[in-house]
Amino acid sequence: MDEKRVEVQDAWRQRAHIDDAGYRKMYAASVADPEAFWAEQGKRIDWMKPYTRVKNTSFEPGNISIRWFEDGTTNVAHNCIDRHLETRGDQTAIIWEGDDPGESKHISYRELHAQVCRMANVLRNRGVGKGDRVTIYLPMIPEAAYAMLACARLGAIHSIVFGGFSPDSLAGRIKGCESKLVITADEGLRGGRKVPLKANVDAAIARLDKDAVDHVVVVRRTGTAVPMEPGRDVYYHEAAEQVTDDCPAEAVEAEHPLFILYTSGSTGQPKGVVHTTGGYLVYAAMTHEYVFDYHEGDVYWCTADVGWVTGHSYIVYGPLANGATTLMFEGIPTYPSNARFWEVVDKHQVNIFYTAPTAIRSLMGGGEGPVKKTSRASLRVLGSVGEPINPEAWEWYYRVVGDGRCPIVDTWWQTETGGILITPLPGATALKPGSATRPFFGVTPEVVDAEGKVLEGACEGNLCLADSWPGQMRTVYGDHERFEQTYFSTYKGKYFTGDGCRRDGDGYYWITGRVDDVINVSGHRMGTAEVESSLVAHPKVAEAAVVGYPHDLKGQGIYAYVTLNQGEEGDDALRKELVAWVRRDIGPIASPDLIQFAPGLPKTRSGKIMRRILRKIAEDDFGSLGDTSTLAEPLVVDDLIENRQNRP
Ligand code: WT7
């Protein structure tokens with residue numbers, strides 16, 4: 001394959017934390033002696049009781065156990081706030097940019113301290129303490145960061161649910177971790193449109209056992225009047241007046257859970273990914289510094305939502321642990337116009353910008369004009385995350401947005417990994433558009449074939465990690481068995497990522513996408529099983545099978561094959577109804593893009609749906625269906641091809 005290579009620019013050699021030789025040396029040391037390497041790196045955060053034991057991890061079947069710095073104690077909020085007060089109390093910690101371009105504010109580290117203490121006291125007054133779960137369902141407002149850090153301060157465990165999820169999805173996540181308290185807002189505001197967050201919380205709670213939730217704390221965002229349940233609901237601004245802005249940070253064990261984040265898998269309902277305290281913070285802070293070549297004084301902007309892991313690690317925890325100025329954006333890339341990102345870059349003089357390929361692709365459609373009318377001279381590093389970045393989008397990002405000056409760090413990682421695992425380092429790594437390039441320090445990728453054989457050199461196969469890193473998830477909340485089953489049973493002794501990848505002759509990794517029944521829609525993960533179970537819950541649907549297909553803007557779109565109950569007619573009205581049904585059930589990100597009504601699905605004689613065939617037809621690539629000899633009824637395939645929905 002002919003690969004373009006972008007060499008490290010001279011300007012970068014001058015300033016970067018590390019060069020290529022430095023990377024190679026440090027990487028070799030990190031995998032030769034992880035104990036010694038991480039013992040040193042652990043010092044980037046403050047410990048209340050220092051650790052003596054660094055790594056205690058096992059990927060052995062029956063004994064999956066991941067513990068880092070386990071005899072140390074610390075507190076994440078202390079590390080993200082208090083320890084900076086002496087040296088940078090007046091420095092901006094968070095720049096908040098509202099949905100409306102006229103609205104923004106700067107929050108200093110000192111102010112962040114006061115706000116987080118106040119929020120912590122409001123929670124504590126409502127019975128929240130160490131180990132208790134708190135569900136956060138907030139828009140992108142500073143209170144989202146305050147709420148996260150307030151939980152961390154008390155040793156409580158937060159579970160953030162993205163504001164785009166439906167009441168049903170929210171209810172499942174509240175129930176899953178038994179949160180007694182929910183923090184929300186009256187409404188969210190995105191692209192000029194209001195999101196009924198409090199109403200969704202009310203609807204979610206109505207689906208739960210009476211008394212499941214004791215308290216709902218409501219932040220006022222838009223000021224719209226919302227129903228308040230006496231004794232249960234309280235406005236945050238009123239509760240905050242009743243408490244002081246002083247609240248000690250509780251020392252917790254390194255392995256004390258910091259947060260739960262629900263994510264989709266190939267089977268069943270979303271699982272609660274558990275991240276803990278010490279190793280997670282060390283890893284988030286270290287990757288933030290090296291991957292973005294973060295230097296003192298930089299203004300850093302990650303455009304993710306705090307409802308996703310990217311927001312956890314790279315809007316809040318990593319940057320604040322490093323004493324950075326982190327920008328939090330409430331809006332969307334196309335409001336009020338598709339120049340918004342670049343206008344915000346100029347307005348706040350952003351140096352480091354981290355976004356998703358889907359955003360780049362959607363802006364490419366608007367041409368270079370909206371970009372070129374802004375300066376963007378402050379930009380130094382561009383980042384990408386969430387899905388493979390196609391070379392056209394890479395080129396546009398590099399050439400048009402970065403004016404050919406800024407390296408692009410294509411960062412591969414997952415909710416489960418806590419932080420970035422495969423990525424270029426600015427100034428150290430020659431770039432190849434579309435490749436996440438090389439492993440971060442301490443990360444041991446392996447490419448294995450279907451039988452589990454570890455492949456050498458240039459190869460293609462499934463991506464595994466041979467050993468633990470400090471940011472790794474520790475368990476599935478309440479279900480350690482599922483943790484082992486999902487990640488450690490496919491290839492014994494290794495963590496299996498669910499991704500396929502290619503490794504080239506330079507040792508660069510090219511992630512090719514999921515090899516399981518997970519699809520990636522605009523960088524958001526969706527389990528096909530979840531969409532299927534929503535569809536079959538519709539009274540007119542007998543059976544459904546969902547697959548991903550290539551989509552110009554979203555990366556992958558959702559293609560649903562639906563078999564209706566006898567006597568039902570499939571038409572456009574029913575298509576609309578089913579889309580609305582899934583949106584209501586799961587949330588807008590799960591909306592099927594294409595629905596094909598199918599009298600029958602291709603099955604083996606034992607009744608297993610042959611997804612391989614469904615994927616091919618959805619990709620409009622039915623010339624090579626492969627072996628169909630095991631089909632119970634070969635004729636259904638002809639009907640599927642004839643009525644396929646994805647035609648150019
Ligand atoms: C899946 C994880 C981790 C932050 C956002 C998504 C895909 C993520 C890349 C990339 C190719 C990528 C993978 C991965 N993915 N980043 N740079 N290149 N693919 O987190 O929802 O847990 O999804 O996103 O398929 O497994 P997530």
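This is a predicted model: local features need pLDDT of at least 70, side-chain atom pairs count only at pLDDT 80 or more; totals for chains, interfaces and linings use all residues.
User: OK, at what angle do helix 8 and helix 9 pack?
Analyst: Helix 8 (residues 167–177) and helix 9 (residues 197–206) pack at an angle of about 60°, and their axes are 8 Å apart. That makes helix 8 oblique to helix 9, since angles under 35 degrees count as roughly parallel, over 145 as roughly antiparallel, 65 to 115 as roughly perpendicular and the rest as oblique. Axes here are lines fitted to C-alpha atoms, for helices over the stretch in contact, with angles running from 0 to 180 degrees between N-to-C directions. Helices (H or I, at least four residues) and strands (E, at least two) are DSSP runs, numbered from the N terminus.

User: Which residues of helix 8 and helix 9 meet?
Analyst: From helix 8, Pro 167, Leu 170, Ala 171 and Ile 174 meet Asn 200, Val 201, Ala 203 and Ala 204 of helix 9, where contact means that the C-beta atoms of two residues, placed from the backbone, lie within 7 Å. By class, this contact of helix 8 with helix 9 has seven nonpolar, one polar and no charged residues. In that scheme Ala, Val, Leu, Ile, Met, Phe, Trp, Tyr, Cys and Pro count as nonpolar, Asp, Glu, Lys and Arg as charged, and the others, Gly among them, as polar.

User: And how do the axes of helix 14 and helix 16 cross?
Analyst: The axes of helix 14 (residues 357–364) and helix 16 (residues 391–401) cross at roughly 75° and come within 10 Å. That makes helix 14 roughly perpendicular to helix 16. In this pair, Pro 357, Ile 360, Arg 361 and Met 364 in helix 14 meet Ala 393, Trp 396 and Tyr 397 in helix 16, and by class the contact has six nonpolar, no polar and one charged residues.

User: Switching topic, which residues of helix 13 are buried?
Analyst: In helix 13 (residues 340–348), the buried residues are Arg 340, Phe 341, Trp 342, Val 344 and Val 345. A residue is buried if 20 or more other C-beta atoms lie within 10 Å of its own, exposed if 12 or fewer, and partly exposed in between, with C-beta atoms placed from the backbone. The buried residues of helix 13 pack against strand 4 (92–97), strand 17 (325–329), strand 18 (352–355) and helix 15 (369–372).

User: What does the backbone do on either side of helix 13?
Analyst: Just after helix 13, Gln 349 takes a positive phi of about 50°. In the loop between strand 17 and helix 13 lies Pro 336, which is joined to Tyr 335 by a cis peptide bond with omega of about -5°.

User: Now the annotations: what does UniProt say about Val 536, His 538 and Val 541?
Analyst: An unreviewed UniProt entry gives the annotation "binding site" for Val 536, His 538 and Val 541; UniProt positions are in the numbering used here, feature names are shortened, and annotations may be inferred rather than shown by experiment.

User: Is His 538 buried or partly exposed, and what about Val 541, buried or exposed?
Analyst: His 538 counts as partly exposed because it has 18 C-beta neighbours inside 10 Å, and it lies in the loop between helix 18 (528–536) and strand 28 (541–551). Val 541 is found in strand 28, and Val 541 is buried, with 21 other C-beta atoms within 10 Å.

User: What does each of them touch?
Analyst: Leaving aside neighbours within four places in sequence, His 538 is in contact with Leu 578 and Trp 581. Not counting residues up to four places away in sequence, Val 541 touches Leu 535, Val 536, Val 562 and Leu 564.

User: Last one: where is Phe 69, and what is its phi?
Analyst: Phe 69 lies in the loop between strand 2 (63–68) and strand 3 (73–74), and its phi is near 55°, a positive value in a residue other than glycine. Phe 69 is also buried, with 29 other C-beta atoms within 10 Å.

Note on methods
Residues are numbered from 1 along each chain as its sequence is written.
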